[in-house]
Amino acid sequence: MLKALIFDVDGTLAETEDLHRQGFNRAFRALGLPWYWSPELYAELLKVMGGKERLLHYIERFHPEEAAGLKARMPEIHELKTRSYGELARSGGLSLRPGVRRLVEEARRQGVRLAVATTTSRPNIDLLLELNFTDGAQPFDVIAAGDEAAQKKPAPDIFALAVHRLGIDPSEAIAFEDSAAGIRSALAAGLPVLATRSRYTRTHRLDGAFSAVSDLGEPEAPHHHIQGVTWPDGVVTLDGLRDWHAGHLHGAA
Ligand code: XBP
Ligand code: MG
């Protein structure tokens, strides 16, 4: 039986990655670091999950000669980046991707539990939920985030933590992801994955996802199907997920 939906955050719940990129650039500027992450460079750097890990990768790859000194400044840089991200999100608004609110509300109405499993830092999720569930009742029963996982995606840790906190078996849930590393992480945790490609994962292979679509779709705005299982009228509904899951569980899918 389908007991829970587990969502990735960046690129899945909302198109946040370019705000992260802008947050990094604001922090570099404020700290007098002559660095600028273009969208093209950021797409490349996104192969490293985790902002702190991404920053370390950038320093070691592009500024190896200054790595020792710069590494000591990483906490300061990342803290300022997270603050900058928050300012950008508050000023520009951070809306949910198509179909996310609809599916979350369907799940709540029908008693299917909701969780988040993300590489991003906890303040970033709290802000996304504050900005989008203004009635204060954010819908997620479980939030597993950032440094709570010893190893970040594509390691399974963060999805395994969400499953553990839900108190269910992975076979009783479906994961939603936007990136190749995220799909690998969820699969490694024993979860079937539905992929909704995002702006920064246009070139990612979404192999392993049982279905890949442009987004979850809305009746008035059906999604574009990419690969795998298809959805009537271009909309991923809870009923459709339940039907797929029942067949999958009994090996018919
Ligand atoms: C995406 C990430 C995060 C963000 C930046 O996480 O890899 O690191 O890019 O956020 P997910 P932080 O897709 O798993 O939500 O700087 O807080 O890591
Ligand atoms: Mg993501």
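Predicted model: local features only at pLDDT ≥ 70, side-chain atom pairs only at ≥ 80, totals over all residues.
## Basis of the model

Local features need pLDDT of at least 70 and side-chain atom pairs count only at pLDDT 80 or more, while totals for chains, interfaces and linings use all residues. Residues are numbered from 1 along each chain as its sequence is written, chains are lettered from A and ligands numbered from 1 in the order in which they are written, and side-chain values use heavy atoms, with hydrogens and water left out.

## Ligand 1 and its shell

Ligand 1 is surrounded by 18 residues (a heavy atom within 4 Å), the closest being Gly51, His78, Lys81, Thr118 and Ser121. The shell divides into three nonpolar, nine polar and six charged residues, where Asp, Glu, Lys and Arg count as charged and Gly is among the polar ones.

Among the polar contacts (N or O atoms within 3.5 Å), a polar side-chain atom of Ser121 lies 2.6 Å from an oxygen atom of ligand 1, and a backbone N or O atom of Gly50 lies 3.1 Å from an oxygen atom of ligand 1. Of the 440 Å² of accessible area that ligand 1 has on its own, the protein covers 99% (Shrake-Rupley method, 1.4 Å probe).

## An aromatic pair

The structure holds 14 aromatic pairs, with ring centres within 6.5 Å and with planes under 30 degrees apart counted as stacked, over 60 as edge-to-face and the rest as tilted. The rings of Trp35 and Tyr58 have their centres 5.1 Å apart and their planes at 65°, so this pair is edge-to-face.

Technical notes. Polar contact = N/O pair within 3.5 Å; in protein donor to acceptor, adjacent residues only side chain to side chain. Phe/Tyr/Trp six-rings, centres within 6.5 Å; stacked < 30°, edge-to-face > 60°.
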